[in-house]
Amino acid sequence: MSRTVSLITLGLFFVSLLSGFVIIFAYHPSDAFTSVQKIEFLIPFGLFFRKLHYFSSEAFTFFLLLHIFLELSKKKIYINATSWNYSVLSFALVIVLMFSGFVLKADLSANAAAQVAYSLIKDTPLLKNLLPLFQDSSIFYYKFFIWHILFLPLILGYAIYKHTKTLHVEAVYFSIAIGLSLLISMLFSMPKDIILSSKAKQLSSPWFFEGAENLLLKSFSALSINLILITPFILLVAYFYIKPKNIARILLFSWLLAYSYISVFLS
Amino acid sequence: MLNNTRRKLLKLLPFSVAGVLTYPIGKFIFFSENKNKEFQLSLKNIKDGITKIKKHDIFIYKTPDKIEVFNAHCTHMGCILNYYKDKKRFICPCHHSQFTIDGFRIKGPAQRDLDKISFKIKNKKLFIG
């Protein structure tokens, strides 16, 4: 079960990567929203590839979480410390990649999410020095685009390689990953893009940042929110070294429970 | 002996090059251009009440007696505010902070009034920035 899930996860990573590679050719950061709309409504098979990219990425994240859950429920860790740490790095990179992808759709909610992320980084000591890596004065989406299509996938690919020792996916698992992505793409529709000139009463963020958004509503500081967001990654790294694994499991589960509660009920 | 030293030096070369290049690469990547640029608007085009200049993310509040220019970003997390004419309020679509028509904070997680932007009036033109 655990091996199957990890191989499907890797397969979904490649489906997401390949479908994203197709979209790059029609995406223009200088006119991001228009290009996304052209992909969806004008270019042949544009909607198909956009949906495939969106749902394979979502499925990849879901399977990654399932993979983590299954590994944590094992009595023993079967990989070394380096491999473990690269797996945590991969998880963090996936979240950043998902967020940058959300921003690149360039609608009103994406714009707001980018502004909130800027503010969270700007108002946090040390992190604020990283702001120029994402911020650009002339083309808003350019640096997000570069990170999303180039640096982050490269670093993620390397981290996955260091974690799994291979980037080879057996044909059967790749087929399952493609089949699954296609099935979800056909069954579900994507969230609608909100045009930039509209006056939306409520803008939503990516689902994994709903908790952070709700804490912002309650006037939590940027520093405290960043600490809350970084906690599971610190706990996951610590998990390898903590001897009674149950303590680490309880801590991680408590964080997950608390964050889920905040995400769903605190708005 | 000489060969050995040369080999050691050659091994150190990539690290030395990387070390020397770190500073210029860092300066290049972290360069941030000042976004605040001056621009001008004709007063004729600005009606009484609130005018949003989307290109520059500002709101201009004009009455027969005064003009004020506000940054359109919420002072909480920077989302672009919506102006509701019926309520005469700016409301943030992200975390619901509210501000009066003249920029004062009413409620919500924002802790400050809206940021005012300096401007000058010259020859029936508004110079902002």
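Modeller: A:K38 lies in helix α2 of chain A, which covers residues 32–41; helices (H or I, at least four residues) and strands (E, at least two) are DSSP runs, numbered from the N terminus. This is a predicted model, in which local features need pLDDT of at least 70 and side-chain atom pairs count only at pLDDT 80 or more, while totals for chains, interfaces and linings use all residues. Residues are numbered from 1 along each chain as its sequence is written, and chains are lettered from A and ligands numbered from 1 in the order in which they are written.

A:K38 counts as partly exposed because it has 15 C-beta neighbours inside 10 Å; a residue is buried with 20 or more other C-beta atoms within 10 Å of its own, exposed with 12 or fewer, and partly exposed in between, the C-beta atoms being placed from the backbone. If residues up to four places away in sequence are not counted, A:K38 touches A:A26 and A:I43, where contact means that the C-beta atoms lie within 7 Å. The C-alpha atoms of A:K38 and A:I77, which are 39 residues apart along the chain, are separated by 47 Å.

Helix α6 of chain A, residues 142–164, has 23 residues and reaches 32 Å from its first C-alpha to its last, close to the 33 Å expected, a span found as 1.5 Å times one less than the number of residues. This helix bends by about 40° at A:H148, the bend being the angle between axes fitted to the seven residues ending there and the seven starting there. A:H148 is also one of the buried residues of α6(A), as are A:F144 and A:F145, and what covers the buried residues of this helix includes α1 (2–24) and α4 (81–104) of chain A. After α6(A) comes A:K165, whose phi is positive, near 70°.

Leaving aside neighbours within four places in sequence, B:C79 is in contact with residues of chain A, including A:A112, A:Q115 and A:V116, and with residues of chain B, among them B:C92 and B:C94.

Methods. Two residues are in contact if their C-beta atoms, placed from the backbone, lie within 7 Å.
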